[in-house]
Amino acid sequence: MNYLGERLRHASDLVSLPEDPFERLIRRRDRRRRRERVVALAVAAVVALGALGGGLFALTRTGQRTNVTSGDGNGRLALASGQYLYLQEIVSTQSGQVRVETWWASDGSGRTTYACSTSDCHWGAPSVGTFGPGGFPVESDVSNLPTNPSALLDSLEQRTATDGASPEPAFSPGPEVASGVTAGSLYRAIERLLEYPNAAPELRAALFEVFAGLPGVTIDHDVTRDPAGRPTIALSFTDDNGPRVYYFDPDTKQVTGFGPPGATDASDGLTIWNEGIVTSTDERPTGDQWLFPPAGVSA
Amino acid sequence: MTEAVLALDAPTDAVATPDFEAFFREHHERLFRALWLMTRNRHEAEEIAQEAFLRIWERWERVSAMPETGPAGYLYRTAVNVFRSRLRRARVAIRRAIGSLPPDDELAGVESREAVVRALAPLPPAQRAAIVLLDVLDLPSEQAAEVLGVKPVTLRVRATRGRAALREEMERHDELSG
């Protein structure tokens, strides 16, 4: 081993190992299995009772309301068998743009394309290609997360906690909203989920509801358009990474973008999303297939 | 239903197969320490290692039979993918999560003793990963390149640049500390 390698290895040897890592792994696996089964049963029961309804929801434990009308996009958000959720993510950076397009179906099939004009295009690139059922690369299966906002908040708290399936670093600021879970860790968890190409439209709408009700998140009523000029509900918050604004479509509650406050069309750090539902990985949405007005669309 | 759910529903119950547990115990420490160097955050390293092992476990029957790089190669590839994925989410400057993770207490302690660890900080994650895979894990460049999903020549370029930057940072530190 070379000198640098020796120094690095020596340094890493100074860090204490996590306690009982294998036992933690077993608990993590068991929790994931248990939660997915419980949620699946709960969803099945709810569906059987026909109890899924729209309307305002109350985050009764926190006593917070979003103060916006909960919408289901007039039933447009359901992703049926054989349909694909199309997402186009356009990220503006100082050195260029990154564009990622994904088509994802609930059977785990789909397609990803990637175009990049920044200075380091390979690093961080997604796996591109067309994938058969079960083959679409996802970081985490979130298909069993509830789409009822109140139940989703419970789920996120369990998932985000230090011993949860997807714990977030404890440095995140903000008041503690549940045992071991701060509002800041929930901001981060929701941000991550909103970037998942396999987060279905109904889940995205529920994430908006949860997000808007968290302590420290405010609806900026002065902002009525997102940086791409589309009607918007703007949610503002600040965490370790500074102030940020997320933009949501008022009708479907889908995220349309995020960036620093006051970001314009091509500001560094601005991300713009386009979203729709199509029936093939070879097509992009048109007309009513878009879930909100598209911006800056290109092939 | 996705592959992950199918795998989780498989009748593996709460007991790991002996092979997997042995595999875990053999590789966990090495992977954790390598990830710590890449992320410079203990919690992040532990989280990535746990997620990578869980994904391996869910596919253990298939992964353990891999003829080429074997399960260890698949483990490192999975871990780096998780790392990259977390990094990709944070690629926008305002959300550069890895860079913005506050140094944990242990890192501060190690940094005070090891200039090389502090010198890692300003390196781009790609260079940091290349150095860790080649110089700490001692992977052959072809295998390290496969783990990172780049050509071997690209990997070597990144490692060369990273080492040069590391040496420069270390020399600067040595001068400052007299």
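**Contacts, helices and cores in a predicted model**

In chain B, 64% of the contacts with a separation of 6 or more join residues 24 or more positions apart, two residues being in contact if their C-beta atoms, placed from the backbone, lie within 7 Å. This is a predicted model, in which local features need pLDDT of at least 70 and side-chain atom pairs count only at pLDDT 80 or more, while totals for chains, interfaces and linings use all residues. Residues are numbered from 1 along each chain as its sequence is written, and chains are lettered from A in the order in which they are written.

Chain B has 11 helices and zero strands (DSSP runs of H or I with at least four residues, and of E with at least two, numbered from the N terminus). Of its 178 residues, 49% count as buried, that is, with 20 or more other C-beta atoms within 10 Å of their own.

Turning to chain A, the axes of helix α4 (residues 183-195) and helix α5 (residues 201-213) come within 10 Å and cross at roughly 160°; axes are lines fitted to C-alpha atoms, for helices over the stretch in contact, and angles run from 0 to 180 degrees between N-to-C directions. That makes α4(A) roughly antiparallel to α5(A), a label for angles over 145 degrees. The contact is made by Ile190(A), Leu193(A) and Leu194(A) of α4(A) with Arg204(A), Leu207(A), Val210(A) and Phe211(A) of α5(A).

The largest nonpolar core has 59 residues (a set of buried Ala, Val, Leu, Ile, Met, Phe, Trp, Tyr and Cys residues joined through C-beta atoms within 7 Å). To this core α5(A) gives the most, with eight residues.

Definitions and conventions. Angles under 35 degrees count as roughly parallel, over 145 as roughly antiparallel, 65 to 115 as roughly perpendicular and the rest as oblique. A residue is buried if 20 or more other C-beta atoms lie within 10 Å of its own, exposed if 12 or fewer, and partly exposed in between; C-beta atoms are placed from the backbone.
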